[in-house]
Amino acid sequence: MKKMWQAAARMGVGAGMALVAMAGIANARSTTNRPASIVVWPKIVVDTSARWLVWPTDTRLMLSSTNASGIKQAHCFYINATGHCSNDGAGCRDATDCVGGECVPSWNETDFDVVLTQEQPLAWYASDGLARGQFPLEGPFRCNGVFAGLQCFSDAQCPPGVGCNIGQSNLGSAIPPVPEDPFIGALVCIQYTGGSDTKPDQTTTRDKLYGDATIVQSAAPLRFVDPARYNAIGLEATGKEVSDGRLVLDGDEGKYQSCPGVLILSHLFDGAVDPIIPAVQYGTELTLLPCSNDFRSQTPGRAVAQFLVFNEFEQRFSTSRTVDCLFDSQLSRIDTRNPARSIFNAGVAGSLAGQTRIRGVGGKAPLGSGLLGVARASLGPLIIPSSAAYDLHQQGNGGRDLMILP
Amino acid sequence: MRLVKRSPWLMGLGVLLAGLVTAPGARGDVTSDESGTLIIFPKVVSDGVRDTLIQLSNRTNSFVQVHCFYINASGTCSSTGEQSCEIDTDCPANEVCIRQCNATNFELALTAQQPVQWRVSTGRLTTIPSAPCRPGQPCQCTLDTSGQLVCPGMLIGYNNASFVPPVGSQFVGELKCYQTNAGDPYPGNALKGTATIEHLGSAQISEYNALTVAANADPQNNLITDKELRLNWTGLGGGELNYCPESLVFTANAEGVTDAFTGATISTELTLVPCSELIEEDLPAPVRVRFVGYNELEQQVSIEAFRFDCFLNRRLADLPVSGGGIFVSGNGDLWKIRISPLPVNVCYSGSNRGASCTQDSDCGDNVLTGPADTRLGCLPASGVLGVAEEFYTVPGMPSFLDGTAAFNLRHEGSRSGFGDIVTLP
């Protein structure tokens, strides 16, 4: 064993040379740590009647501005990736949701605007949205909050502690509910300057938005709540004006930073017995969303996700799947319909922990092949569900991606 | 023993090629979605009620050595020694909160792209290799006679020692690891990880990504040899590791607010750890921060000079003082909270440790010096990093059934000047 460590120590010179070469390479890609100008929530699930899922489920979305002075506008697109059954038209994710029919994939978007005041946080449930009259700062010369129906010119004219809005407001905002229930899809918001000359924000106060999502399962009879929260992904702007509605994601060569070259998922393999409570086992859902989308012609992004899976024995497995609009799957159903035979099954992989590298390839021009994603681990079987969402890691810059606005 | 047969020069060449293709950034940020040389798990819990599962991975195609230390941050009041505390105001009048903040070290190694996991209460024993799981059979760890876990996988500990030591069931604190080569810090930027906190009764889990700090690979800096890790790099030019953020920001539900979909009451627990760490001197790093909150009505509240040592793990209902929270329901349903280290200097050691200062002489006697001769006297108050966790409580239900969800905080800007320091044993 000691020789092994000594051998590793002798790597130093060669590795040092490598690291000198690494030092000057710039990092410019998506982030879950910093505010940005494009914010992407890759996974939104609504199933309030538990038609797909075991328990009623909704997603609470948060959008916040870090701008210290002045409003910022977000132009947003719900991406509806819900399929529909060929026999009865009901919403579906795959054929297992259709009794006797096929699940026909579909894709459409619903766009809307949100105006955020300085430093303002907003939150809404995807199934509800926020209609006019529900925004906290409805408009100038209106009392705040639920008293927006009262006109005012000073705080004294509003109920105590409510205040009269004589400054910035959410005027111009309306967030619709997701277009159907059950629903699976994503949300993309792009920072605009707001005001009369509204366009994608490439000013010195760009990159002021960030978002969060909490997928919540709950059931009244059992009186439980299972929340799973993740950070929405940000893409920072480069400061180059967008005049043609084409948002080029290509680092310093483009209008926004690149999507990652590789996504890296840390996970326990499906079926791995929980090292903390051996009565339950791990399972992980992976959601992938193409970086590119043509909202003008209603053409979703498409790419092939290549998976490279490593176990604790340094062994490597691989598979691939097409990501068309949105991909959402249990890990052990990515490569087979029989999860027990999957390379993501702990019995096949041979160890509990895994690391999966995901690379998008084969995008259809002019759209690219970049991917974004999020994971959700769960434990089962349990009477009360238990899950946790978390962001993927990333490495390197991807190729050129493109969002085309209407 | 497959690794012994490998040519270290070929492995070095592999690092060169891998590095050219996969280099992490030259931007001075702490991140939770990229790999780094220093990795920080700010919230590790093994208190008999909850336990934590750590996943640590090597992102590169090279063999990687890692040095880790758990920092036990349990605190007790200075006179009433059995009373646990987070900050001084948790203790009776005229008492202060004293945190142990002692470090437990261990080392491990990761082969190319290797992931490993361990349960912190039990640790995990070295197994090179243990038998793999088989299809159709349970894939699980077992407890050996010492009470430590033995799991399927190839796990490498130094001198066949315990791979990861157990922390027992009275631990709340953090885990920091850094990449090494022959015992010295090494700027390979290979480490990434996640932590899953699990309730032992309900199996409710929260998961967050560990924070990583990328290192400057330029051999002209002193990262490798001087036993001091300096977080003073902008991503360009000189410096050792990326600066900590200028501020942290996150959006929380107001403490005690009722969730519209579930009817549950939501509470948020914030965990903060200092970027600076005096491991060699076994002293807690002093932190001074300012909280500013904005609700959805554009109203602003603040906590101007909040101080703690080493570690903070506190519900918003108890900020700034126990039961006297300001980020609560009634002041708004949502709070966007910004946490910024105060631009003041404090004494890191000396008889006036923790006091504000303008020069080293203000710190009194016995001011210490770091391993690389950095005077640990009057220095900028430490930067901070953190994570948050939400608890959803259904009225009338026992707390062990609380739904939980952890999330990473956002970062704004970068510190400048001296930055932060971690002294190594």
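Me: Why is A:F153 called exposed rather than buried?

Reply: In this predicted model, A:F153 has a relative accessible area of 54%. Exposed requires over 50%, so A:F153 is exposed. The residue sits in the loop between β9 (142-143) and β10 (164-165) of chain A.

Me: What does A:F153 form together with A:F141 and A:I166?

Reply: A:F141, A:F153 and A:I166 make up a nonpolar patch on the surface. Their accessible area together is about 330 Å².

Me: How do you know that B:C101 and B:C310 form a disulfide?

Reply: Their sulfur atoms are 1.8 Å apart. A disulfide is a pair of cysteine sulfur atoms within 2.5 Å, therefore B:C101 and B:C310 count as one. A search of the whole structure gives 15 disulfides over all chains.

Me: Which parts of chain B does the pair of B:C101 and B:C310 tie together?

Reply: B:C101 lies in the loop between β6 (97-99) and β7 (102-110), and B:C310 in the loop between β25 (300-309) and β26 (312-315), so the pair ties together parts 209 residues apart in sequence.

Me: What makes the disulfide of B:C101 and B:C310 left-handed or right-handed?

Reply: The torsion about its S-S bond is about -120 degrees, so this disulfide is left-handed. For B:C133 and B:C139, the torsion is about 60 degrees, so that disulfide is right-handed. The sulfur atoms of B:C133 and B:C139 are 2.0 Å apart, and both cysteines are buried.

Me: How do you know that a disulfide joins B:C244 to B:C275?

Reply: The S to S distance is 2.0 Å, and the cut-off is within 2.5 Å, so the pair qualifies as a disulfide. B:C244 is in the loop between β19 (241-242) and β20 (247-253) of chain B, while B:C275 is in the loop between β22 (265-274) and β23 (277-278), 31 residues apart. The S-S torsion is about -110 degrees, so the disulfide is left-handed.

Me: Why is B:C275 called buried?

Reply: B:C275 has a relative accessible area of 1%, and buried means under 20%; B:C275 is therefore buried.

Me: What pattern do the disulfides of chain A follow, and where does A:C325 stand?

Reply: With bonded cysteines counted along the chain, the pattern is 1-10, 2-4, 3-5, 6-8, 7-9, 11-12. A:C325 is in no disulfide, and the nearest cysteine sulfur, that of A:C103, is 12 Å away. At 4% relative accessibility, A:C325 counts as buried.

How values were computed: Residues numbered from 1 in each chain as written. Chains lettered and ligands numbered in written order. Predicted model: local features only at pLDDT ≥ 70, side-chain atom pairs only at ≥ 80, totals over all residues. Heavy atoms only, no water. Patch = residues over 30% accessible without salt bridge, like charges linked within 9 Å, V, L, I, M, F, W, Y side chains within 5 Å. Areas by Shrake-Rupley, 256 points an atom, 1.4 Å probe, with all protein chains shown as cover. Salt bridge = Lys/Arg side-chain N within 4 Å of Asp/Glu carboxyl O. Helix = DSSP H or I, 4+ residues; strand = E, 2+ residues; numbered from the N terminus. Buried < 20%, exposed > 50% of the residue type's maximum accessible area, 1.4 Å probe, protein only.
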